[in-house]
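Work through the exercises below with the structure open. Each task is followed by a solution in steps.

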Amino acid sequence: MTAVLRSSLYALFQAVITPLFAVLALLFIPFPAAARYRFITTWSRLMLAGAETILGIRYRVLGAENVPAPPFIVLAKHQSAWETLAFQVIFPRQVWVVKRELLWIPFFGWGLALLAPISIDRASGPRALNQLLEQGRERLARRYCIVIFPEGTRIAPGRRGKYQVGGAWLAVKTATPVLPVAHNAGELWPRRAFVKRPGVVTVSIGAPIDPRPLTPEQLIRRVEDWIEGEMQRIGGRERKA
């Protein structure tokens, strides 16, 4: 089966499943947060299973033994939509730091809003950090993990974006361990590309970093050095399915 046909079938699969889950998710509004989370993340698991079955994209995890008991903060490479699905399977119950505008997207945004993400108004300038700290402390107190993509947007394989200090700042302010995560999903599921290729994504999880003796700038530098060094090791080496 060609990659174009696989990708077309997967797009159809998404188009059928996503609106159905979005509508059903609205029925879970009166339920406790844990019940909403279990139901809504079932969509992610289905999308990930569909990616394996239809697209032929599988994955392996290196360093799974490094994942501590929650809460912790994941600072990860961002290359595609694939990791936003896979992280919900790989890591414990979590919230993401997202742009507020994402919550306005029909179907996807509605479901995302029910997962209680940390929504930031980037146009608010310094107030965005206060929003991050206030909402972040509340989620960590509820033992959620927090997922942040410090480069802020999807970065093509082989390239490096500017690592923003916000996630490291939150970790230092709350004394929360940080997990650096590298992966090469963009080599199979490119950003802004319809056609996806079969193969095996490598997800590599580094050892937890204690933020307490570090400044936010020192912490984000350590995270960046580890992620980019690991990308040199795993990048360009996606395995065939």
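Helices (H or I, at least four residues) and strands (E, at least two) are DSSP runs, numbered from the N terminus. The model is predicted, so local features need pLDDT of at least 70 and side-chain atom pairs count only at pLDDT 80 or more, while totals for chains, interfaces and linings use all residues. Residues are numbered from 1 along each chain as its sequence is written, and side-chain values use heavy atoms, with hydrogens and water left out.

**Exercise 1.** Describe helix α5 and its end.

Step 1. Helix α5 covers residues 127-141, which is 15 residues. From first to last C-alpha it reaches 21 Å, close to the expected 21 Å (1.5 Å times one less than the number of residues).

Step 2. Buried residues (under 20% relative accessible area; exposed is over 50%, partly exposed in between; 1.4 Å probe, protein chains only) in α5 are A128, Q131, L132, L133, Q135, G136, R139 and L140.

Step 3. Their cover includes β3 (94-99), β4 (118-120), β5 (145-148) and α6 (166-174), judged by contact (heavy atoms within 4.5 Å).

**Exercise 2.** Determine how α1 and α2 pack.

Step 1. Axes are lines fitted to C-alpha atoms, for helices over the stretch in contact, and angles run from 0 to 180 degrees between N-to-C directions. For α1 (residues 3-26) and α2 (residues 33-55) the angle is about 170 degrees, and the axes are 10 Å apart.

Step 2. The pair is therefore roughly antiparallel (over 145 degrees; under 35 is roughly parallel, 65 to 115 roughly perpendicular, the rest oblique).

Step 3. Residues of α1 in the contact include F13, I17 and F21, and those of α2 include W43, L46 and A51.

Step 4. By class the contact has 15 nonpolar, five polar and one charged residues (nonpolar: Ala, Val, Leu, Ile, Met, Phe, Trp, Tyr, Cys and Pro; charged: Asp, Glu, Lys and Arg; polar: the others, Gly among them).

**Exercise 3.** Is A51 buried or exposed, and what does A51 contact?

Step 1. A51, in helix α2, is buried, because its relative accessibility is 0%.

Step 2. Apart from neighbours within four places in sequence, A51 contacts Y10, G56, I57 and W189.

**Exercise 4.** Characterise the surroundings of S204.

Step 1. S204 lies in strand β7 (residues 199-205) and is buried at 3% relative accessible area.

Step 2. Beyond four places in sequence, S204 touches L62, P180, V181, A182, W226, E230, R233 and I234.

Step 3. The side chains of S204 and E230 form a polar contact of 2.7 Å (N or O atoms within 3.5 Å; within protein, one must be able to donate a hydrogen and the other to accept it, and residues adjacent in sequence count only if both atoms are side-chain atoms).
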